[in-house]
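We'll go from the whole chain down to single residues.

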Amino acid sequence: MKGITKTPIHVVWSWVRRQPPKVKAFLAVVTGMAALVLLRFIVHDHDNLFVAAEAVHSIGICVLIYKLMKEKTCAGLSLKSQELTAIFLAVRLYCSFVMEYDIHTILDLATLGTTLWVIYMIRFNLKASYMEDKDNFALYYVLVPCAVLAVFIHPSTSHNILNRISWALCVYLEAVSVLPQLRVMQNTKIVEPFTAHYVFALGVARFLSCAHWVLQVVDTRGRLLVALGYGLWPSMVLISEIVQTFILADFCYYYVKSVFGGQLVLRLPSGVV
């Protein structure tokens with residue numbers, strides 16, 4: 001009986017799986033940097049990365065809608081994460097209308113509409129399947145710190161102070177909006193395919209958004225940070241993008257591992273947030 005021929009991807013992936021955690025972390029950083037370099041050369045207008053990030057987020061929402069309509073269950077989904085997403089999108093829409101109306105405003109409006117529909121389905125139509133006991137992340141853990149941070153660290157532009165604080169608030173909330181969803185998955189330890197696809201789409205969207213800001217800073221040699229204002233705000237924008245990328249990096253690793261392993265259901269080990 002002939003042995004099964006492994007593809008180069010499976011050979012490399014098997015080698016990576018055998019490496020200690022520190023080596024895996026180093027490889028992840030190197031891969032991320034290589035991806036940034038590649039994006040810099042193949043995407044000439046880096047604003048397209050931001051549009052792509054919002055498009056991927058929308059795809060993730062569409063996956064959720066398909067799950068809710070096809071399977072008639074919201075098991076494994078975090079209502080609180082959807083509510084945080086709706087809050088930061090609503091605040092960002094307000095800022096877009098009063099500060100800079102563009103294509104992002106239309107994309108945000110569409111994403112907010114679908115997110116509100118998901119919230120409605122979880123709260124009413126599919127309430128019986130909602131895992132409220134697993135969705136136990138206290139929202140004030142993120143709402144209060146983000147609000148306080150926005151009051152003290154916000155853009156130093158010529159806009160109204162309320163608008164500037166609102167802008168900062170939506171940036172900070174977006175960075176942590178996925179935490180309740182990760183808590184649900186941590187509590188259940190088993191993630192069904194549609195939820196896993198949705199969270200992975202969020203991870204890809206976060207990476208593209210982070211790449212947009214990092215490459216913009218590199219290409220302008222830091223002038224973009226100066227254009228954003230003075231004080232801590234420019235750094236906080238970049239830090240927020242990096243934080244939300246790393247929050248999802250661990251899950252994305254296990255997602256890719258599960259896909260290459262041919263597993264339809266993703267099983268998370270203890271400690272994965």
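**The whole chain**

Follow the chain along its sequence and you'll pass α-α-α-α-α-α-α-α-β-α-α-α-β. That comes to 11 helices and two strands, where helices (H or I, at least four residues) and strands (E, at least two) are DSSP runs, numbered from the N terminus. Before you click further, note that this is a predicted model: local features need pLDDT of at least 70, side-chain atom pairs count only at pLDDT 80 or more, and totals for chains, interfaces and linings use all residues. Residues are numbered from 1 along each chain as its sequence is written, and side-chain values use heavy atoms, with hydrogens and water left out.

The chain exposes about 14,600 Å², with carbon and sulfur atoms supplying 69% of it (Shrake-Rupley method, 1.4 Å probe; for residues, only the protein chains shown count as cover). Of the 273 residues, 45% are buried, meaning under 20% relative accessible area; exposed is over 50% and partly exposed is in between (1.4 Å probe, protein chains only).

**Annotated spans**

Select 25-43, 49-69, 105-126, 138-155, 194-215 and 235-256: an unreviewed UniProt entry annotates these as "transmembrane region". Positions follow the numbering used here, feature names are shortened, and such annotations may be inferred rather than shown by experiment. Zoom in on 49-69, which is 100% helix, with its end C-alpha atoms 30 Å apart. Residues 235-256 are also 100% helix, and their end C-alpha atoms lie 31 Å apart.

**Inside**

Next, show Y172 and L182. Which core do they belong to? They sit in the largest nonpolar core, which has 53 residues, and they touch the most other members. A nonpolar core is a set of buried Ala, Val, Leu, Ile, Met, Phe, Trp, Tyr and Cys residues joined through side-chain atoms within 4.5 Å. Helix α4 gives the most to this core, with nine residues. Then pick L49, V56, A201 and A205, which are among the eight residues of a second, separate core.

Stay inside for Q181, in helix α8. Q181 is buried, at 0% relative accessible area. Beyond neighbours within four places in sequence, Q181 is in contact (heavy atoms within 4.5 Å) with G76, L77, S78, S81, T195 and V199.

**Back to the surface**

Last stop: select Y140, Y141, V144, V148, V151 and F152, a nonpolar surface patch with about 670 Å² of accessible area together. Click V144, in helix α6; V144 counts as partly exposed, at 48% relative accessibility. Patch residues have over 30% relative accessible area and no salt bridge; like charges are joined within 9 Å, nonpolar side chains (Val, Leu, Ile, Met, Phe, Trp, Tyr) within 5 Å. A salt bridge puts a side-chain nitrogen of Lys or Arg within 4 Å of a carboxyl oxygen of Asp or Glu.
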